[in-house]
Amino acid sequence: MELFPPAPERIVDVLLPVAIGSAYSYRVPEGMEVAPGDIVVVPLGTRNILGCVWPGEASPATGRTVDPKKLKSIVRRYEVAPLNADLIELIRWIADYTVTPPGMVLRLALRHDESPGVARERTGVRLAGGEPQRMTSARARLIAALADGFTRAKTEAAREAGVSVSVVDGLIDDGVLETVVLPPEPAAETPDPDHARPDLAPAQAEAAAALCATVEARAFKVHLLDGVTGSGKTETYFEAVASAMRAGRQTLILMPEIALTKGFLDRFARRFGVVPAEWHSAVSTKKRGRIFRGVAAGEVSVVAGARSALFLPFSDLGLIIVDEEHDPAYKQEEGVRYHARDMAVVRAHIAGIPVVLASATPSIETEVNARRGRYQRLNLPERFSGTRVPRLEPIDLRREGPPRGRWIAPRLAEEMARTVEAGGQALLFLNRRGYAPLTLCRACGHRIRCPSCSSWLVEHRFRRRLECHQCGYAMPVPSECPNCHEPNSLIPCGPGVERLQEEVASLMPNARAQVLSSDLAGGVERLRLELDAITKGEVDVVIGTQLVAKGHNFPGLALVGVVDADVGLGYGDPRAAERTFQLLHQVAGRAGRANVEGRAFLQTYMPEHPVMQALVAGDRDAFYDREIAAREEAGLPPFARFCALVVSGTDAHAAQAHARALAASSPRSEDVRVLGPAEAPLALVRGRHRFRLLARAPRNFDLSAYIRDWMGKAPRATGSLRVEIDIDPQSFL
Ligand code: ADP
Ligand code: ZN
């Protein structure tokens, strides 16, 4: 006899961080309560993985009915705050917009830690007073170390006494030590909005007041904080951060990863008493787990992070700042191809909060939005220090270039020497890593290229090898030409930063020179140390790639020399002019920030090019006016919408054939034009041949929906073939 009828089966959808179209159904075991947003462990195939209970897709879109008996059960629920409705909506929105399976976007929110739910309680030990059954020297050391009576974490006690953790365990068993549960380490300390309030300049005060008013209004609004380099944008948006703190709400500060320097953290600490929680690839998994939980529990007030911080589960987000909003690093170029600045605006819209985009050289998209009044512009026209933003002086390489085999023009060399003699620092900017971008045989003309990419191998002299910057392939520098076998015939062509260092050493033998590029051994930590050394004046000449252009503040830097201003122009990339203008303007802005007037020189073969003219005239508006008009005229973003499709495969013919079949299957539309396929400028990468298609539509057209429809009907990519979808592409390679 049955006393109770069986409880009805409860079935929920769980989105898994994998590339499948929709959520999977799972059974909820008896006695377990789950709600949408909960993080759970579920079986998938032979393993258990994390997923998120997903709302509102009770029956999968395919309409297949599932036999509840065949469903697997949720294994357990994590004791962590659920992803809230805002974050779930953001994940859905991004999946929709980027035409990516939602599980892949969920992955961005979960992948920091395999176990976000385990609030790691720590066990501490202290002396309990008993006698050990047996005394050893290790046990004696441990007892001595704990003689002060204080509680220590188990591992710390072991480390202090120089014994292994098993010795600690032994004494616990003997009753000599007792265990105490310690609270988990806090993810971050609480900042104080009134710790050290600055005296703002009038323009700063006005902008700050506008920002604080929107934070208090708790409504969606986009501000463009537009100020020349050194105008004090950071100090200004810190006031908005303080407002959010006073209201008890959280702030997310997004920065290009490399701009998250010690300098920035120190500045934050000077203003608010403690450093913010940091979120980027150099933060340990353990620490990230703590921050994840702290953010979800509302204990972390401010996160300063790289683009993935956008997916943190803030419990009460009140403000988002996007510093250096124009930076191309905000675009994720693999996996889910999202633009963190644009998605920050989306997140702010969902949450109904303000977002501040800060830049001295706004992106064309943002500038157009500000001109149309969709974004509110707040202007800081002058440097806080009162010094001028340096004018850029052109050096015409056709008339006053350096002698053969040299890259620094005599005039620039002279100015550098004078600057360093006067105790100032000089920066040479060249966006080329390594020693020489090309190695050539002088006997047969052979150029050494990567076996699996369509790119030249770059010589790295420190590492004594040739490297491919696309795929990482490396080989020792050969002693003879691989083609004609002539010995000692290979010559490096063109300059990289390492080669400039050699030239600086011969021009200025007493100067202390330092190369800064992503090749620096030791990663982000080492880079931070070097940046610190430069700030302290321990370096005379900095030779850097674009790494040095990003938001660093070098107080002693008096002169900037751009070695090859033309590098980025003329690749048929619609953003080439914008990128060059932004990069060179930012680099020049590094000079003369504290109390020295800065100078900047541009070495160019094209002094008449409009980008160079605008830089030399210091006329930012002229550049924007011209570029915006040109984009509108040519139907380029933001006056049209683009989606790039890259078809690749190990067989060139198959890849091309698939690209053609794809083009042929594009749905007819009055609004959409599909261009291509054409061989990509980077025709071969990692052994894969690449072909590009470009879909163009009017600005207000739902291009994502069109692409989704198209991909639903398109022939399947089989074998090694792959199709990558890139909405709003930044790269055209
Ligand atoms: P931006 O971000 O606009 O390039 P910063 O915020 O880095 O400019 O400011 C430039 C310099 O001026 C920094 O050294 C900063 O500490 C200083 N500064 C800016 N505003 C103030 C202020 N109100 N009081 C004191 N120093 C300030
Ligand atoms: Zn390669």
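1. Gly232 reaches ligand 1 through its backbone: an N or O atom there lies 2.9 Å from an oxygen atom of the ligand. Please keep in mind when reading this distance, and those below, that the model is predicted.

2. Two further polar contacts involve the neighbouring stretch of chain. A backbone N or O atom of Gly230 is placed 2.6 Å from an oxygen atom of ligand 1. From Lys233 the contact comes from the side chain, with a polar atom 2.8 Å from an oxygen atom of ligand 1. Of the 560 Å² that ligand 1 exposes when taken alone, the protein buries 76%.

3. The shell around ligand 1 comprises 15 residues, and the closest are Asp199, Gln204, Gly230, Lys233 and Arg267. By class, the shell divides into seven polar, five charged and three nonpolar residues.

4. Which helix gives the most to the shell around ligand 1? That is helix H7, residues 233-246, which supplies three residues.

5. On the helix pair: packed helices are described by the angle between their axes and the distance between those axes. For H6 (residues 202-217) and H7, the axes come within 8 Å and cross at roughly 30°. Angles under 35 degrees count as roughly parallel, and H6 and H7 are therefore roughly parallel to each other. The crossing in which H6 passes H7 is right-handed.

Methods. Residues numbered from 1 in each chain as written. Chains lettered and ligands numbered in written order. Predicted model: local features only at pLDDT ≥ 70, side-chain atom pairs only at ≥ 80, totals over all residues. Heavy atoms only, no water. Near = heavy atom within 4 Å. Polar contact = N/O pair within 3.5 Å; in protein donor to acceptor, adjacent residues only side chain to side chain. Areas by Shrake-Rupley, 256 points an atom, 1.4 Å probe, with all protein chains shown as cover. Helix = DSSP H or I, 4+ residues; strand = E, 2+ residues; numbered from the N terminus. Nonpolar A, V, L, I, M, F, W, Y, C, P; charged D, E, K, R; others polar. Axes fitted to C-alpha atoms, helices over the stretch in contact; angles between N-to-C directions. Parallel < 35°, antiparallel > 145°, perpendicular 65-115°, else oblique. Left-handed = near helix turned anticlockwise from the far one by under 90°.
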